[in-house]
Amino acid sequence: MGGGWTPAVKTLVIACVVGFLLQIFDRLSGAPSLADKFGLVPSEVTEKYYLWQLVTYIFLHGGFFHILFNMFGLYMFGSELEATWGTREFTKFFFLCGIGGALASVLVSPHSFALIIGASGAIFGLLVAYGILFPNRLIYLYMVIPIQAKWFVIIYGAINFLSAISVTNSGVAYVTHLGGMFFGFIYLKGGRMLFDFRGRYDRWQRNRLRRKFDVYYNERRRDEDENKSRRWKN
């Protein structure tokens, strides 16, 4: 059931709830446009360069049960991951998976006019991380059936993959889910070097300074040894 409310999880839940409420008020206004502008539409990203949609679609949802289950998943898996990683690393991973899911949808259907909204891509990335970090942890499917986290992830991944290649016009963004899972898996299984450009630069700088110091230290020792040798000869 999760490990209690953690700061980033709480903030993300509040942001999604606020986004959902704004959608409701937007529909009541009679001229809804919020989802059209801030939801993910692949053709608008590739043709109009609405790049903000790669992020903003995460905070919009299609209905009460859509946001309910997504926020429950965020709380259930995200709280323990944040407690394990820390707020900064967790937040980075959440948005990595969310944006990764959006990119997957854009790459697969770059000219699609379908509207994609919801935090599911990011949540499925969290699910992968949970299965990797806590593979033998029991998850109670439908609150009744116990299943180990690693098998839970594999089963959900397989269902989404089969649905993505066989089901059309279902209203569910299976490719976005798979994209979030894929980017999360790659990041955790060795892709950190691919994304951590700042960390790589910092390590390169430290190694460069260390080499300079070693050269300086060796030259100084050599000069001192030569001076000692001259004094001994005199």
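What span should the 18 residues of helix α8 have at 1.5 Å a residue, and how far apart are its end C-alpha atoms? In this predicted model, helix α8 (residues 149–166) should span 26 Å, and its end C-alpha atoms are 26 Å apart, which agrees; the expected span is taken as 1.5 Å times one less than the number of residues. Helices (H or I, at least four residues) and strands (E, at least two) are DSSP runs, numbered from the N terminus. Because the model is predicted, local features need pLDDT of at least 70 and side-chain atom pairs count only at pLDDT 80 or more, while totals for chains, interfaces and linings use all residues. Residues are numbered from 1 along each chain as its sequence is written, and side-chain values use heavy atoms, with hydrogens and water left out.

Two salt bridges are present in the structure, each defined as a side-chain nitrogen of Lys or Arg within 4 Å of a carboxyl oxygen of Asp or Glu. In one of them, E80 is paired with R137, and the closest N and O atoms are 2.7 Å apart. Since E80 belongs to helix α5 (residues 64–85) and R137 to the loop between α7 (120–133) and β1 (138–141), the pair ties together parts that are 57 residues apart in sequence. R137 is partly exposed, with a relative accessible area of 32%. A salt bridge also joins the side chains of E89 and K92, at 3.5 Å from N to O, and these residues, three apart in helix α6 (residues 87–108), are separated by about one helical turn. E89 counts as buried at 18% relative accessibility, whereas K92 is partly exposed at 42%.

Leaving aside residues up to four places away in sequence, T6 touches G78, S79, E82 and A83, where contact means heavy atoms within 4.5 Å.

Key: Buried < 20%, exposed > 50% of the residue type's maximum accessible area, 1.4 Å probe, protein only.
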